[in-house]
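Here is a request for a short briefing on one protein model.

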Amino acid sequence: QQDCNAGFANWQQGWSPGKKQWCCHHMGRGCEPAAKPHPPQQDCNAGFANWQQGWSPGKKQWCCHHMGRGCEPAAKPHPPQQDCNAG
């Protein structure tokens, strides 16, 4: 996982290509103008206190994959092989 707030003021010159790609894909930050993803399709904060019983399977899958929230213990995404402290 990347810290997409760290160095954001200078992301175009300061972030590695891998960090740009990860943050764009997962957080919608650091995207090149043509690469910006669509806004999140799910509100992964709404109902999070009761996600296991309250969320649909589709919302669980989307939020786990895109936001790292609502993941079943065995389904949690593997952390990327990135140095999160590097600019």
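The points below cover the fold, the disulfides, the aromatic rings and one lysine.

This is a predicted model, in which local features need pLDDT of at least 70 and side-chain atom pairs count only at pLDDT 80 or more, while totals for chains, interfaces and linings use all residues. Residues are numbered from 1 along each chain as its sequence is written, and side-chain values use heavy atoms, with hydrogens and water left out.

**Fold and surface**

- The protein has 4 helices and 0 strands; helices (H or I, at least four residues) and strands (E, at least two) are DSSP runs, numbered from the N terminus.
- Read from the N terminus, the order of elements is α-α-α-α.
- Of the 87 residues in the protein, 26% are buried, where buried means under 20% relative accessible area, exposed means over 50%, and partly exposed is in between (1.4 Å probe, protein chains only).
- The accessible surface of the protein is about 6100 Å², and carbon and sulfur atoms account for 53% of it; accessible areas come from the Shrake-Rupley method with a 1.4 Å probe, and for residues only the protein chains shown count as cover.
- Taking contacts between residues at least 6 apart in sequence, 26% join residues at least 24 apart; contact means heavy atoms within 4.5 Å.

**Disulfides**

- A disulfide is a covalent bond between the sulfur atoms of two cysteines.
- The search of the whole structure gives 4 disulfides, each defined as a pair of cysteine sulfur atoms within 2.5 Å.
- With bonded cysteines counted along the chain, the pattern of the disulfides is 1-2, 3-4, 5-6, 7-8.

*Cys4 and Cys23*

- Cys4 is joined to Cys23 by a disulfide with an S to S distance of 2.1 Å.
- Cys4 lies in the segment before α1 (11-14) and Cys23 lies in helix α2 (residues 17-27), so this pair ties together parts that are 19 residues apart in sequence.
- The torsion about the S-S bond of Cys4 and Cys23 is about -90°, so this disulfide is left-handed.
- Cys4 is buried at 5% relative accessibility, and Cys23 is buried at 0%.

*Cys44 and Cys63*

- The sulfur atoms of Cys44 and Cys63 are 2.1 Å apart and form a disulfide.
- This pair links distant parts of the chain, with Cys44 in the loop between α2 and α3 (51-54) and Cys63 in helix α4 (residues 57-67), 19 residues apart.
- The disulfide of Cys44 and Cys63 is left-handed, because the torsion about its S-S bond is about -90°.
- Cys44 has a relative accessible area of 5% and is buried; Cys63 is buried at 0%.

*Cys64 and Cys71*

- A disulfide also joins Cys64 and Cys71, with their sulfur atoms 2.1 Å apart.
- The link of Cys64 and Cys71 is right-handed, with 110° about the S-S bond.
- Cys64 is buried at 8% relative accessibility, and Cys71 is buried with a relative accessible area of 11%.

**Aromatic rings**

- A pair of aromatic rings is described by the distance of the centres and the angle of the planes.
- The whole structure contains 4 aromatic pairs; rings of Phe, Tyr and Trp (its six-membered ring) pair if their centres lie within 6.5 Å, and planes under 30 degrees apart count as stacked, over 60 as edge-to-face and the rest as tilted.
- One of these pairs is Phe8 with Trp15, which is tilted, at 6.0 Å centre to centre and 50° between the planes.
- The ring centres of Trp11 and Trp15 are 6.3 Å apart and their planes are at 55°, so this pair is tilted.
- Ring pairs join Phe8, Trp11 and Trp15 into a cluster.
- Phe8 is partly exposed at a relative accessible area of 28%, whereas Trp15 is buried at 5% and Trp11 is buried at 12%.

**Charges over rings**

- The charged end of Arg29 sits over the ring of Phe8, 3.5 Å from its centre; a charge sits over a ring if NZ of Lys or CZ of Arg is within 6 Å of the ring centre and within 35 degrees of the ring normal.
- Arg69 lies over the face of Phe48, 3.5 Å from the ring centre.

**Lys20**

- Lys20 belongs to helix α2 and is buried, with a relative accessible area of 18%.
- Apart from its neighbours within four places in sequence, Lys20 is in contact with Trp11, Gln12, Trp15, Arg29, Gly30 and Glu32.
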